[in-house]
Amino acid sequence: MRITVIGTGYLGATHAACMAELGHEVLGVDVDHDKVARLAAGKLPFHEPGLPELLERGIASGRLSFTSSYEEAAAFADVHFLCIGTPQRRGEMGADLSHLQSAVDALAPLLTRPATVIGKSTVPVGTAAQLGVHLRALAPAGGEVELCWSPEFLREGHAVEDTLSPDRMVLGVDPARPSRAEAVVRTIYAHALEVGTPLIVSDLATAELVKTAANAFLATKISFINAMSEVCEASGADVTVLADALGHDKRIGRRFLNAGLGFGGGCLPKDIRAFMARAGELGAEEALTFLREIDAINMRRRTRMVELTRQVCGSLLGTRVAVLGAAFKPDSDDVRDSPALNVAGQIQLQGAMVSVYDPQAMENSRRLFPTLDYAASAREACTGADVVLVLTEWREFVELAPADLDGVVRQRVIVDGRNCLDPTVWRDCGWTYRGMGRP
Ligand code: UGA
């Protein structure tokens, strides 16, 4: 099929390259000329395993190109994916839909033929219905233009695999209007449907809610185990053993039950806040008050990490702290709302000398936190350190052996913010090891 992908950030660039990989003719659209030029030259503006190869292959095959022109987009295809970011509004809990609105405003007047517009962005429930009315009012093809919603569930670091082999697909359509969307989606995703991937077709509101509810559930699961971590700290129990034991119950499951520094990134934190804000607008505020607690538990983990560091060092003032990890999770260079960088910043503000190293997120970290010191390697960050903090569980850090750092650090003290190291190994080599929620 010929399709456009409007918005070429994380979601859009991945979606565009994956759709081309599936054999579709794809035009990526973005108002950022610089981004368009870089993508067209095969350069990905973020780190995502496997994606550079797909981008290159798509461009070389002639099936993938990029433009800043909405006129070109409207002429190119009659299926348009909306992959525009919906960040948290400055100083508020709700989502900022202005970029999404602008994209619809730019596209709609150019739709002179029947078209299917498929929203993929994470939006507050009710957005799709409103946008649909607006789109049809502005489009010359009027009622022949359909807006449906098919949320995306990809995880950074696994974006290609999640897009090409999703565990489910959801499509929301307006039940009051005739719809081509299901047929279009079935053609586009024929490969996934053939192998039995479920496609759930619902109304627009339910489809929007599937996404926000899924992220709220994941955030809740992480904060649940982090709350248990607090109780473990108070009682001398070990949250990692607790999580393993709980995880054997199939109704609970072990995934997303890793206690530590908590969740960050461009999705979970802002999505639970936008969800609470939207529930408030709908008069259903009480239903989601628990998410406030989920958010609070999560933020407390960062403070706890600072406290733990102070405890093991005696005082932060003048202490040399090595911070290993800046990305919000491994295999990503994303530092948006990163717990690791947040902790590094807090510790520095309290008088410590902080040296940060991350295998991929150095450039983004420097941009966001220019006042921190950055090292060229884990070894350099740890040189002369009084304490080493592991704040993102990159494989490189998980595989560190005490011998790698003996003689490099000033004090053999390590605090494991992701419970990703084996305490016995470090203690047996004479290190002081502290985890989160572990004795
Ligand atoms: C999340 C969801 O997992 C995706 O399904 C969703 O599509 C995406 O948001 C989105 O809305 O676009 P992502 O933000 O890439 O994906 O990252 P996750 O893998 O969910 O991790 C989020 C955070 O939780 C990370 O900071 C991670 O370190 C933390 N986490 C994860 C834990 O603290 N413990 C765990 O057990 C798992």
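Axes are lines fitted to C-alpha atoms, for helices over the stretch in contact, and the angle between two N-to-C directions runs from 0 to 180 degrees. The exercises below concern a predicted model.

**Exercise 1.** Determine which strands helix α13 lies across, and at what angle it runs to β12.

*Solution.* Step 1: locate α13 at residues 289–313.

**Exercise 2.** State the order of the strands in the open sheet of six, and name its edge strands.

*Solution.* Step 1: the order is β11-β10-β9-β12-β13-β14, and the pairing is parallel. Step 2: β11 (373–374) and β14 (432–434) each pair on one side only, and these are the edges. Step 3: within the sheet, β9 (residues 320–324) and β12 (residues 387–390) are joined by four bridges. Alanine 322 has valine 388 of β12 as its bridge partner.

**Exercise 3.** Explain why the buried residues of helix α6 line one face.

*Solution.* Step 1: α6 (residues 127–138) has twelve residues and spans 17 Å between its first and last C-alpha, close to the expected 16 Å. Step 2: the buried residues are Thr127, Ala128, Leu131, Gly132, Leu135 and Arg136. Step 3: viewed down the axis of α6, these buried residues fall within an arc of 150°, so they line one face of the helix. Step 4: Gln130, Val133 and Ala137, on the other side, are exposed. Step 5: the buried residues pack against α5 (98–107), β5 (115–119), β6 (145–149) and α10 (204–235).

Note on methods:
Residues are numbered from 1 along each chain as its sequence is written. This is a predicted model: local features need pLDDT of at least 70, side-chain atom pairs count only at pLDDT 80 or more; totals for chains, interfaces and linings use all residues. Side-chain values use heavy atoms; hydrogens and water are left out. Helices (H or I, at least four residues) and strands (E, at least two) are DSSP runs, numbered from the N terminus. The expected span of a helix is 1.5 Å times one less than its number of residues. Buried means under 20% relative accessible area, exposed over 50%, partly exposed in between (1.4 Å probe, protein chains only). The arc is that of the directions from the helix axis to the C-beta atoms. Contact means heavy atoms within 4.5 Å. Two strands pair if DSSP finds at least two bridges between them.
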